[in-house]
Amino acid sequence: MNNQLIARRNFLSSSASALAGSALLPSFAKSAHRKGKLLYHTTEISNAEPVLSELVRNWMTPTDAFYIRSHAPIPKINHDSFRLKVEGLVEKPLSLTLKQLGDLPQSKIVATLTCAGNRRSEHIAIKPVKGVPWKEGAIGNAEWSGAKLSDVLRMAGVKAEAKHVWFEGLDQIQRSNGVIPFGASIPLKKAMFDSEKMPGTILATGMNGEPLNGDHGSPLRTVVPGYIGARSVKWLGKIVVSDRPSPNHYVATAYKIVEDGTPLEWSEQGPIYRMPLNSAICSQVKRSKSLIVAGYALPQGRPGTSIRKVEVSPDNGRKWIEARITSPSREFCWVLWTAAIPSRNAGDELMVRATDSRGSIQPEQVNWNSKGYLFNSWHKVKTI
Ligand SMILES: Nc1nc2c(c(=O)[nH]1)N[C@H]1C(S)=C(S)[C@@H](COP(=O)(O)O)O[C@H]1N2
Ligand SMILES: [Mo]
């Protein structure tokens, strides 16, 4: 572990100096090593993202190509003695077995998960940031199945003062001041925001038609469509209904957009919930007269919002070529796209930007922030 941390620090400082002033992307950490379709930034605790050309092969990301972001080793959980606790501002606290959860009406949804730190390597290129140096692969789209959170909350009977729902994992995260579980919370309104096809939140036991595996939160996790991955708590053990957001470190302190990192700024900023509009170029193939470019685009996590348009510029933003969207385009889901750039137009660099169904366009630039979250400016790569 120590060696790994040191290796990562070295990588961060050397990459930051090598890349200072460059808008282009750093390559993977020297320490990242490939296993199957994934590149591991750390292995003792799994933090891995797919090879980008692999990522955009399928609209539904196969589980073995799905990024893994964990803050602690996978906890050992006995499925027979497992109970999901539901406590706090409820009429009737619950303690539910997996069988009881399985007997509730089951939903199946397609939703994209993405880490708030996706594309952090581009923040790092501006100024060093601690944390996993993600490229553009901390994102995946999967089918999730399980009970609706709203059904469980209705069973417990939510009290009138309730405003937030906390989630607590069964993992044990080592921090300088002790061991804590991973926690998240979402507004009660989001928990109850079910539409005909899309529950506000699902208590998932299945991923891509199979039981969840250890890396992705077996036996139970939340999936909160449209929210950053950190709100989808793996190895879920407890739900607490409250009148305020969770005091857990990952809500009260981490996962906020803070630029200078002063104590005042930390206490002024609220938790990040929605994922931002984003897109990335993930592969390029040379043809005789054109360059075939492919990638993904993600709508912001606002109900009813989908991707309307994806454009690629071969000449630093003078000309924009509209890409063809090759997948379904839905709320809370990415799209895949391809564009053919005539060779005579292709300069040294390609850029992509997406527009959503509300007419919002990705920002040309974003401000650096001290935790390296939500990098979503126009994505640039060198042409091959
Ligand atoms: N219990 C627990 N849940 C967790 C985490 C964690 O470390 N522990 N990581 C979170 C973060 S930051 C992300 S981005 C997603 C990643 O989910 P995945 O590993 O299934 O891709 O899980 C979230 N849920
Ligand atoms: Mo994350």
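This is a predicted model: local features need pLDDT of at least 70, side-chain atom pairs count only at pLDDT 80 or more; totals for chains, interfaces and linings use all residues.
A polar side-chain atom of H71 lies 2.7 Å from an oxygen atom of the ligand, while the side chain of H216 has an N or O atom 2.6 Å from an oxygen atom of ligand 1. For K234, the distance from a polar side-chain atom to an oxygen atom of ligand 1 is 2.6 Å. Of the 530 Å² of accessible area that ligand 1 has on its own, the protein covers 100%, as computed by the Shrake-Rupley method with a 1.4 Å probe.

Y67 also belongs to one aromatic cluster, together with F66, W134 and W144. The structure holds nine aromatic pairs, where rings of Phe, Tyr and Trp (its six-membered ring) pair if their centres lie within 6.5 Å, and planes under 30 degrees apart count as stacked, over 60 as edge-to-face and the rest as tilted. Y227 and Y273 form a tilted pair, with 5.5 Å from centre to centre and 35° between the planes. Y227 counts as buried at 7% relative accessibility, and Y273 likewise counts as buried at 18%, since buried means under 20% relative accessible area (1.4 Å probe, protein chains only).

Residues are numbered from 1 along each chain as its sequence is written, and ligands are numbered from 1 in the order in which they are written. Local features need pLDDT of at least 70, side-chain atom pairs count only at pLDDT 80 or more, and side-chain values use heavy atoms, with hydrogens and water left out.

How values were computed
Buried means under 20% relative accessible area, exposed over 50%, partly exposed in between (1.4 Å probe, protein chains only). A polar contact is a pair of N or O atoms within 3.5 Å; within protein, one must be able to donate a hydrogen and the other to accept it, and residues adjacent in sequence count only if both atoms are side-chain atoms.
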